[in-house]
Amino acid sequence: DPYSSDPERHPVLRINSLKPFNAEPPPEILSDSYITPPAFFFKRNHLPVPQVDPASYQLHVEGLPGGSLMLSLQDLKTRFPKYTVTATLQCAGNRRSEMNKVKQVKGLNWGIAAISNATWSGAKLRDVLLAAGYGPNVAQWAQHVQFEGLDADVTGTSYGASIPLNKAVSEDGDVLLAYEMNGEELPADHGFPVRVVVPGTVGARNVKWLGKIIVSADESGSHWQQNDYKGFSPGTDWDTVDFKSAPAIQELPIQSAITTPADGAVVDRSEEEVTVKGYAWSGGGREVVRVDVSLDGGKTWHVARLRTNDKGQAAEPSPPPGRAWAWKLWEVTAPLPTEAQELEIVCKAVDNSYNMQPDTVAPTWNLRGVLSNAWHRVKVTIRE
Ligand code: MTE
Ligand code: MO
């Protein structure tokens, strides 16, 4: 069994698939802490977790004029400045189960918790590429940076993905070769000893157990770059889909969801009010500037309070423009509407480009069930 050396996992995780291991935390745990504890951080593996010996680990950097560069874990830690970035990771398939209710899609049936937030520390990819010979002349022929994982299937094919070269080398891109998560060494499930963290970019490009970096004229040729993680029209089906016709997902759209109360919860009339909590995040470093919450299916709205730490009520000052990599947690307490027996609680977020979420799922349905970001709705009963 290639999965026999997979690590132990926290029993509270909701398992989507055991081999490979895919799981998400109960949603209310997400809004309990601004920085998600690694035990609860969602886990998305396509293959068995590889066992990597940190002492003999070598990262290969290829495709630059200086020839190939090999870096040990020690090299990464000592030859390059260490940066820490708080960044949210979200799987392209987060909230796929809502698309499944419209019409069957192919993929793991994620709820709303295939998203989590951590602080990541490591070397900047930019610094490593500069050390490997990157210069302005490279941008004349290269356009992509490919990553290969050390996890592989039975045929020896490893997980792979790529990002645009300009994201990789931009000073403001904050792309890390991370060896720490929340101040501790990376857990096995999250890419020990080194993973790429591409802030603002879909989870799939944040390659874990990083073995190789290739600067290239071409995108990664991997299945996951070419024939997966792309969006299509609701009218496109498996007979008509042409994966070459759509770009690979990189930055993700605006997103928010309600972590509590849960769908189907009951509140007592005597409580007189209800507290609603959730998360909001946008891709590409766009900052969430507002979250609107409705208790009546979208007829009337309240503005939620946004939170960027666990300390107090107030949000910290905004990050520099275009570098809002982390989610905001939000919360609103509102009176129970006097006539209603049932609440339809809805949330929608707005980012600083004034991007907003679509109000319903159906017009965004796609055969792989990715990019699911409609207004999130939960129904709650009021007990008299
Ligand atoms: N990297 C490798 N090597 N193998 C993988 O299966 N899965 C990707 C990405 N990096 C994957 C990988 C996907 S699709 C996602 S959403 C994120 O890792 C999930 O990261 P996490 O498990 O740390 O939450
Ligand atoms: Mo993913």
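Colleague: I'm new to this one, so let's start with a pair of charges. Which residue forms a salt bridge with D189?

Modeller: The general idea is that side chains of opposite charge can pair when their charged atoms come close. Here D189 pairs with R9, and the closest N and O atoms are 2.8 Å apart. Keep in mind that this is a predicted model.

Colleague: Are D189 and R9 buried or exposed?

Modeller: Both D189 and R9 are buried.

Colleague: How many salt bridges does a search of the whole structure find?

Modeller: The search turns up 20 salt bridges. One of them joins the side chains of E251 and R286, at 3.2 Å from N to O. E251 lies in the loop between α6 (223-226) and β14 (255-260) and R286 in the loop between β16 (273-281) and β17 (288-294), so this pair links parts 35 residues apart in sequence.

Colleague: Which residues are linked in a network of salt bridges?

Modeller: That would be K124, D172, D174 and R323.

Colleague: Now the ligand. How many residues surround ligand 1, and which are the closest?

Modeller: Start by listing the neighbours. Ligand 1 has 20 residues around it, and the closest are F42, D151, H190, R195 and K208. Two strands, β3 (43-44) and β8 (144-152), each supply at least two residues of that shell.

Colleague: Which side-chain atom lies 2.7 Å from a nitrogen atom of ligand 1?

Modeller: A polar side-chain atom of D151 does. On the oxygen side, an N or O atom in the side chain of H190 is 2.7 Å from an oxygen atom of ligand 1.

Colleague: What percentage of the accessible area of ligand 1 does the protein cover?

Modeller: On its own, ligand 1 has 540 Å² of accessible area, and the protein covers 100% of it. Ligand 1 sits in the largest cavity.

Colleague: Back to the protein. Where is the place of E287?

Modeller: E287 is in the loop between β16 and β17. With a relative accessibility of 12%, E287 counts as buried. Its side chain makes a polar contact of 2.7 Å with the side chain of K328.

Colleague: What about N373? How many residues apart in sequence are N373 and Q357?

Modeller: They are 16 residues apart in sequence, and 6.1 Å apart in space from C-alpha to C-alpha. N373 lies in the loop between β21 and β22, and N373 is buried, with a relative accessible area of 8%.

Colleague: Last topic, the backbone. Which residue does a cis peptide bond join to K19?

Modeller: The general idea is that most residues other than glycine have a negative phi, and most peptide bonds are trans. Here a cis bond joins K19 to P20, with omega about 0°, and P20 is in the loop between β1 and β2 (22-24). The bond from T260 to P261 is cis as well, with omega near 5°. P261 lies in the loop between β14 and β15 (266-268).

Colleague: And phi? What is the phi of N182?

Modeller: N182 has a positive phi of about 55°, although it is not a glycine. N182 sits in the loop between β10 (176-181) and β11 and is partly exposed, at 22%. Y354, also not a glycine, has a positive phi of about 60°. Y354 is in the loop between β21 and β22 and is exposed, with a relative accessible area of 59%.

Methods:
Residues numbered from 1 in each chain as written. Chains lettered and ligands numbered in written order. Predicted model: local features only at pLDDT ≥ 70, side-chain atom pairs only at ≥ 80, totals over all residues. Heavy atoms only, no water. Salt bridge = Lys/Arg side-chain N within 4 Å of Asp/Glu carboxyl O. Buried < 20%, exposed > 50% of the residue type's maximum accessible area, 1.4 Å probe, protein only. Helix = DSSP H or I, 4+ residues; strand = E, 2+ residues; numbered from the N terminus. Near = heavy atom within 4 Å. Polar contact = N/O pair within 3.5 Å; in protein donor to acceptor, adjacent residues only side chain to side chain. Areas by Shrake-Rupley, 256 points an atom, 1.4 Å probe, with all protein chains shown as cover. 1 Å grid on protein atoms, 1.4 Å probe; cavity = no way out; pocket = protein on both sides within 12 Å on 5 of 7 lines; lining within 4 Å. Sits in = over half its atoms within 2 Å of the grid points.
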